[in-house]
Amino acid sequence: MTDHRHWERFTRAQRLARFAVYLGAVALLAVSMKTVEVIPDFLFDAPKQVVDLLNRMWPVDFGAYHKQGIHKALIETLNISTLGTIVALIMAVPVGVMAAKNIVQIPLLNWIAKFILVSSRTVNTLVWAILFVAVFGPGALAGTMAIAFRSIGFCGKLLGEALEEIKPGPIEALKAAGAPWTSILIKGYWPQVAPAFWGISLFRWDINVRESAVIGLVGAGGIGVSLEDALNMFRWTQVSLVLVCIFAVVVLAEVFVTKIRQKLI
Amino acid sequence: MTATAAIRTPFKPNWWARLGWLLLVVYCFYALSELQITWERFVIGLGTGAKFLSELFPPGMKRLGLLLDNLIETVEIAVISSAFGILLSLPLGFLAARNLMPGWLTWPSRAIIALSRSFHPVIFAILFVKAVGFGPLAGILTLVFASIGFVGKLFAEAIEEISLKPVEAMKAAGAPFMSVITYGVLPQVFNRFIGFSTYQFDSNLRNSTMIGVVGAGGIGGTLFAAFQRFDYDFLCTILLSIIGLIMIGEYLAVKIKAVFND
């Protein structure tokens, strides 16, 4: 009796599907490696060039902080990200409510909300910035709108999900007592989603601080403008100063968000 | 007692919260004045915006060959950088896991991971463009870096969360180190690893459409050029094709995850 049972973790279809994914990934990689236009000399030269670049950036020119208006640009970056987050939240709340299937029971409205959220997220902040620079001209207004429009999708999606997860009890009680719908929203829904709302806002603000540091490269204001200027004038020690400043602000924002989060939620 | 209960208001006003909201409004006005954002500028912008939109549509149908080449290059950058980024982040994630590795190995790996997460990809893209010149190589290096930061961090965290029981059992049975990793650790984190990888591919695809703005290859460069030349109907075509590409990427990521999740 050599006929012992043969155990297998996956069915044949599952194994075939997995194999197809691996094969597809390898094939795609092989084709990409063959066709992408990378010059081998540049690739092998890269470590040397990076070291050279870092050498040119050293020492950091801290004197330029006030002389070249980097302090002002940093404040502007923080203002753009904060104001952008606020504007985004103002727009995201109605869209999030519209996307929550337990509040708005009209499928068409749910779909419109979903469409707004998805299109906001697919377009990158930098691309939003390019579009708004075309609309409002270069400057902080374009940057703020870019940050805001990019954040709608993120905030609205998470807010909609938080709204869908709430307990219906208080809502039913308010409805039974004959409360108008504004009271139901403010006293029934809001207290239940407030922690999620603040969590989402803080998280997005943290992301936006990072994003608002680069939108200046396409002319949308903030520290990115200083970076672009320093790069264009080959002031490498000033480039490193801007990088140090961005790094410091990003780290500080993260620490700040973690602290507030512990207090608030 | 009954008297206080009778006049108790059901929803007491929270003055601290109201003060907070007021401060928020005050901040908004301060920020608006500081950024020199005025209502007039906004209204003028709306007019320009309407004109801009009318110039965007209908999308232009010329130079489709260039568009296609750029799209392919974008996908190639995403594929190569995802592959190398994920491959590099695997060992780094292992080395950074504090439950498997000694301290003198975890902290340098954690430092590398933290360094690659410290800046926005666009900033890395600029630096790599300055170092290795324009083109897809700079983009690939940028996104490899970004992938190491993201996948490496999450992978290390996933390994730190595993159950150590199978690992201990294998060690007790005298299994060599590599077998412990392959049969004790990897099966526990494999599904999550697939999740991180598909997510990273998706986000690499998104980012590879944008790093071209600073010259690091892909469709972003053409997009920025079209914008600077006021070639708005071509800009519209590029935008629509980017959105289409990202949708396809998202769909693929979901499908691949489904293959591994059952």
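In the predicted model, Tyr27(B) and Tyr30(B) stand 3 residues apart in helix α2 (residues 15-34) of chain B, so about one helical turn separates them. Their rings form an aromatic pair of the tilted kind, with 5.9 Å from centre to centre and 50° between the planes. Tyr30(B) is partly exposed, its relative accessibility being 40%.

Phe136(A) is part of helix α6 (residues 125-136) of chain A, while Phe42(B) is part of helix α3 (residues 39-56) of chain B, so the pair joins two chains. Phe136(A) is buried, with a relative accessible area of 9%. Both phenylalanines also belong to a cluster linked by ring pairs, which contains Trp128(A), Phe132(A), Phe136(A), Phe149(A), Trp39(B) and Phe42(B).

Aromatic rings also take part in arrangements with charged side chains. In chain A, Arg56(A) is placed over the face of Trp236(A), at 5.3 Å from the ring centre. In chain B, Arg18(B) is placed over the face of Trp15(B), at 5.0 Å from the ring centre.

Arg56(A) has a further partner. Asp52(A) and Arg56(A) form a salt bridge in which the closest N and O atoms are 3.0 Å apart. Both residues belong to helix α2 of chain A, where they are 4 residues apart, about one turn of the helix.

In general, side chains of opposite charge can pair when their charged atoms come close. Over all chains, the count comes to 11 salt bridges. One of these connects Glu161(A) with Lys157(A), with 3.5 Å between the closest N and O atoms. These two residues are 4 residues apart in helix α7 (residues 140-164) of chain A, so they too are separated by about one helical turn. Glu161(A) is partly exposed at 35% relative accessibility, and Lys157(A) is partly exposed at 33%.

A salt bridge between Glu254(A) and Arg210(A) has its closest N and O atoms 2.7 Å apart. This pair links distant parts of the chain, since Glu254(A) is in helix α11 of chain A and Arg210(A) is in helix α9 (residues 181-212) of chain A, 44 residues apart. Glu254(A) counts as partly exposed, with a relative accessibility of 38%. In chain B, salt bridges that share partners join Arg98(B), Arg110(B) and Glu160(B) into one network.

The largest nonpolar core has 103 residues, among which Leu227(A) and Leu235(B) touch the most other members. Apart from its neighbours within four places in sequence, Leu227(A) is in contact with Leu217(A), Val239(A), Val242(A) and Leu243(A) of chain A, as well as with Ile123(B) and Ile126(B) of chain B. A second, separate core consists of 16 residues, including Phe94(B), Ile181(B), Phe193(B) and Phe196(B).

Cysteines were considered separately. A disulfide is a covalent bond between the sulfur atoms of two cysteines. The structure holds 0 disulfides over all chains. Cys245(A) is buried, with a relative accessible area of 8%, and Cys236(B) is likewise buried, with a relative accessible area of 3%.

Trp58(A) and Pro59(A) are joined by a cis peptide bond, with omega at about -5°. Pro59(A) is located in the loop between α2 (40-57) and α3 (64-67) of chain A.

A positive phi, near 55°, is found at Phe234(A), a residue other than glycine. Phe234(A) occupies the loop between α10 (223-232) and α11 (236-264) of chain A. Its relative accessible area is 58%, so Phe234(A) is exposed. In chain B, Phe230(B) has a positive phi of about 55°, although this residue is not a glycine. Phe230(B) is located in the loop between α10 (219-228) and α11 (232-261) of chain B. With a relative accessible area of 62%, Phe230(B) is exposed.

Note on methods: Residues are numbered from 1 along each chain as its sequence is written. Chains are lettered from A and ligands numbered from 1 in the order in which they are written. This is a predicted model: local features need pLDDT of at least 70, side-chain atom pairs count only at pLDDT 80 or more; totals for chains, interfaces and linings use all residues. Side-chain values use heavy atoms; hydrogens and water are left out. A disulfide is a pair of cysteine sulfur atoms within 2.5 Å. Buried means under 20% relative accessible area, exposed over 50%, partly exposed in between (1.4 Å probe, protein chains only). Rings of Phe, Tyr and Trp (its six-membered ring) pair if their centres lie within 6.5 Å; planes under 30 degrees apart count as stacked, over 60 as edge-to-face and the rest as tilted. A charge sits over a ring if NZ of Lys or CZ of Arg is within 6 Å of the ring centre and within 35 degrees of the ring normal. A nonpolar core is a set of buried Ala, Val, Leu, Ile, Met, Phe, Trp, Tyr and Cys residues joined through side-chain atoms within 4.5 Å. Contact means heavy atoms within 4.5 Å. A salt bridge is a side-chain nitrogen of Lys or Arg within 4 Å of a carboxyl oxygen of Asp or Glu.
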